[in-house]
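Please find below a short note on the model under review.

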Amino acid sequence: MALLQRGDEEAFNALYSRYGQRLYRYFYRMLGQNKEQAGDFTQELFIKIIEKPEAFDTERRFATWFYTVAANMVKNEYRRQGRSPVFQPLPEEGLAHHQADRLVAKLDAPVQRQQLEKAVQALKPHHRECFLLRYQEELSIQQISEIVNCPEGTVKSRLHYALRRLSARLNALT
Amino acid sequence: MEWNTTVEACIRSKDFDALTEEERQQVLACLSQEEYEQYRALAKAGKSLGDSPIPPSSIHENLQQAFRKRYRRRNLPLPTIAMPLWQAAAVAALFLLLGKVVTWAPVHATPSVAVQMRDSLWLERVSQAMKDTAVAMLKPFDNSALAPAPRRLAFLQDSMAHVARDEEARGLLPEPAVDTPDWARRSTQIDQAYINHLYRIN
């Protein structure tokens with residue numbers, strides 16, 4: 001970031017290659033799989049960094065700060081829309097725990113991947129956010145708690161809930 | 001059912017079979033093996049979600065353009081100092097005030113002239129009435145060198161007589177400038193006759 005603040009284009013390119021795709025995927029899944037909007041949001045966030053690099057709090061880890069800004073943008077978008085993106089209610093838990101073998105075996109297949117995408121979209125936004133940050137972006141619980149501004153216990157609880165709902169949803173589909 | 005950090009970390013990183021006995025006990029305290037394996041599969045699948053979609057290349061191109069536009073001026077290899085606007089304004093105001101207070105015009109003083117000979121050098125020193133300023137001019141001293149013109153000589157003699165009178169009246173020689181080199185210092189009483197003699201022999 002220090003190099004970027006001095007106008008080093010190579011530093012900017014390195015930053016983009018490290019976070020550009022990750023951020024785009026995050027926005028894509030948090031904004032209802034809308035590629036155009038995901039692109040706009042990704043661009044907007046990087047423009048913020050270009051225009052005001054001094055806004056970066058050097059006391060914090062960059063990834064944490066970056067995803068915090070991204071998460072706030074998503075929340076603002078939800079607020080602007082006046083509602084959370086449409087998500088389908090999931091069946092209650094307890095649907096066929098015995099189908100674990102089938103789930104494990106089929107999740108790698110492209111069709112199952114599509115079902116997983118749908119199931120993730122069906123999660124409530126705050127559960128989806130924690131799931132994506134933890135398992136897609138591989139951030140730590142502590143980082144996620146900073147990003148979503150919740151205690152670590154709440155993050156763990158949301159993760160548990162998300163996994164349980166996804167599991168139930170996928171088992172219902174298979 | 002307790003969903004603690006260990007259980008979550010295990011789900012993220014280890015298959016059920018790879019768990020240690022202690023971890024397995026903790027996991028089984030809150031989940032069945034089937035549930036663990038389901039969650040483990042989801043965690044792995046979640047990681048694979050990161051493979052797609054790929055952002056369009058136009059985003060990067062647009063951002064590069066924006067970056068170049070923003071930093072075009074700053075790419076000059078000049079050292080820059082970032083400071084708040086109010087500080088820059090304060091520094092500018094300080095310089096303006098200094099410009100008003102400090103006089104940049106040269107200091108004029110009527111010089112007095114001394115001539116001294118050292119070895120093979122003529123030393124014609126123009127010393128100002130102010131003790132701490134002095135200008136020295138060197139001239140080659142050989143047979144081809146011309147003595148000062150009569151009017152110049154008269155001026156020098158008159159000046160030296162004037163200086164000598166003043167110094168005599170005060171009872172001491174003017175202090176040489178502290179930065180005057182030793183060879184240019186006037187360390188003895190100026191001998192007017194000696195000076196005249198020097199001019200005459202040239």
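This is a predicted model: local features need pLDDT of at least 70, side-chain atom pairs count only at pLDDT 80 or more; totals for chains, interfaces and linings use all residues.

1. The accessible surface of chain A amounts to about 8,100 Å², and carbon and sulfur atoms account for 47% of that surface.

2. As to burial, 55% of the 174 residues of chain A count as buried.

3. The secondary structure of chain A consists of nine helices and zero strands. Along the sequence, the pattern of chain A reads α-α-α-α-α-α-α-α-α.

4. On sequence separation, consider the contacts in chain A between residues at least 6 apart in sequence: 69% of these join residues at least 24 apart.

5. Helix H2 of chain A (residues 9-30) packs with helix H7 of chain A (residues 125-136) at an angle of about 155°, and the two axes lie 10 Å apart. Because angles over 145 degrees count as roughly antiparallel, H2(A) and H7(A) are roughly antiparallel to each other. The crossing of H2(A) and H7(A) is right-handed.

6. Which residues make this contact? From H2(A), the contributors are A:Arg25, A:Tyr26, A:Arg29 and A:Met30. From H7(A), they are A:Pro125, A:Arg128, A:Glu129, A:Leu132, A:Leu133 and A:Gln136. Sorted by class, the contact of H2(A) with H7(A) comprises five nonpolar residues, four charged residues and one polar residue.

Notes. Residues are numbered from 1 along each chain as its sequence is written. Chains are lettered from A and ligands numbered from 1 in the order in which they are written. Side-chain values use heavy atoms; hydrogens and water are left out. Axes are lines fitted to C-alpha atoms, for helices over the stretch in contact, and angles run from 0 to 180 degrees between N-to-C directions. Helices (H or I, at least four residues) and strands (E, at least two) are DSSP runs, numbered from the N terminus. Angles under 35 degrees count as roughly parallel, over 145 as roughly antiparallel, 65 to 115 as roughly perpendicular and the rest as oblique. A crossing is left-handed if the near helix is turned anticlockwise from the far one by less than a right angle, and right-handed if clockwise. Contact means heavy atoms within 4.5 Å. Ala, Val, Leu, Ile, Met, Phe, Trp, Tyr, Cys and Pro count as nonpolar, Asp, Glu, Lys and Arg as charged, and the others, Gly among them, as polar. Buried means under 20% relative accessible area, exposed over 50%, partly exposed in between (1.4 Å probe, protein chains only). Accessible areas come from the Shrake-Rupley method with a 1.4 Å probe; for residues, only the protein chains shown count as cover.
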